[in-house]
Amino acid sequence: MKVSMTNGTLNYLAKLEKENKKAALYFMQDQDKTVAYYEGEEDPVFAEGRDYEVVEAVGDVKESGFVVMNNIPVSDEGRPVFEDRFKKRAGSVESMEGFQAIRILRPVKGNTYVVFTQWRNEQCFEDWKNSQEFEKAHENSGPKHKEKPSFIDGKPYITKYQMIQLED
């Protein structure tokens, strides 16, 4: 499965949706940014998009919900280690109340992986973040871990979005 994302104004992304009838697009927004998200088997649908290969996928992305993207720069040498960690993860996030989907996304260009999680609402994400399951899942490389794993190649950052529906 492939994933592609692009940013733009709401009007611009609505125009892209009309031009891409073959591809189902999802839209999400934070205070000052709107993102169009595509996943499927088609080649990239955005001329100026960020393209990814899916390393792991659980659940179905929904048209409504709260999205958190953990953007993690990974060194070329560290890619196998990073991906292997996710393939061997305990999977405790899937059992959390309000969990909808997770995608581990390998960049086609560049070095920044995206760990995409979707939740029913922001409170469900906060409950996960404050849970013992979160602590256990992140005990070797999480936000409280003093030393970052050797495969990290820059400062990770998080982006958060609310799913939105475009009006016809």
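Predicted model: local features only at pLDDT ≥ 70, side-chain atom pairs only at ≥ 80, totals over all residues.

Biologist: Is V74 buried or exposed?

Modeller: Buried means under 20% relative accessible area, exposed means over 50%, and partly exposed lies in between, with a 1.4 Å probe and protein chains only. V74 has a relative accessible area of 0%, so V74 is buried. By contrast, D32 is exposed, at 70%.

Biologist: Where are V74 and D32 found?

Modeller: Helices (H or I, at least four residues) and strands (E, at least two) are DSSP runs, numbered from the N terminus. V74 is in the loop between β5 and α2, and D32 is in the loop between β2 (25-29) and β3 (34-40).

Biologist: Which residues does V74 touch?

Modeller: Contact means heavy atoms within 4.5 Å. Not counting residues up to four places away in sequence, V74 touches R79, F82, N111, Y113, F151 and D153. The C-alpha atoms of V74 and G154 are separated by 7.4 Å, although these residues are 80 apart along the chain. For D32 and T9, 23 residues apart in sequence, the C-alpha to C-alpha distance is 9.1 Å.

Biologist: How many aromatic pairs does the structure hold?

Modeller: Rings of Phe, Tyr and Trp (its six-membered ring) pair if their centres lie within 6.5 Å; planes under 30 degrees apart count as stacked, over 60 as edge-to-face and the rest as tilted. The structure holds 9 such pairs. In one of them, W128 and F134, the ring centres are 5.4 Å apart and the planes stand at 80 degrees, so the pair is edge-to-face. W128 is buried at 7%, and F134 is buried at 11%.

Biologist: Which residues form an aromatic cluster with W128 and F134?

Modeller: F66, F99, W119 and F125 form one cluster with W128 and F134. F99 is in strand β6 and is buried, with a relative accessible area of 16%. Leaving aside neighbours within four places in sequence, F99 is in contact with V58, V93, E94, Q118 and W119. The C-alpha atoms of F99 and F125, 26 residues apart along the chain, are 7.9 Å from each other.

Biologist: Which members of the largest nonpolar core touch the most other members?

Modeller: A nonpolar core is a set of buried Ala, Val, Leu, Ile, Met, Phe, Trp, Tyr and Cys residues joined through side-chain atoms within 4.5 Å. Here the largest has 21 residues, and F82, I104, V115, W119 and W128 touch the most other members. Two or more residues of this core come from each of β5, α2 (79-87), β6 (99-107), β7 and α3 (122-129). Another core, of 17 residues, lies apart from it and includes M5, Y26, Y52 and V67.

Biologist: Which residues lie nearest the centre of the second largest pocket?

Modeller: On a 1 Å grid over the protein atoms alone, a pocket is an open set of points where a 1.4 Å probe fits, with protein on both sides within 12 Å along at least five of seven lines; lining residues have an atom within 4 Å of a point. The second largest pocket is lined by 20 residues, with R50, Y52, N71, V114 and Y157 nearest its centre. Elements giving two or more residues to this lining include β1 (2-8) and β8 (157-164).

Note on methods: Residues numbered from 1 in each chain as written. Heavy atoms only, no water.
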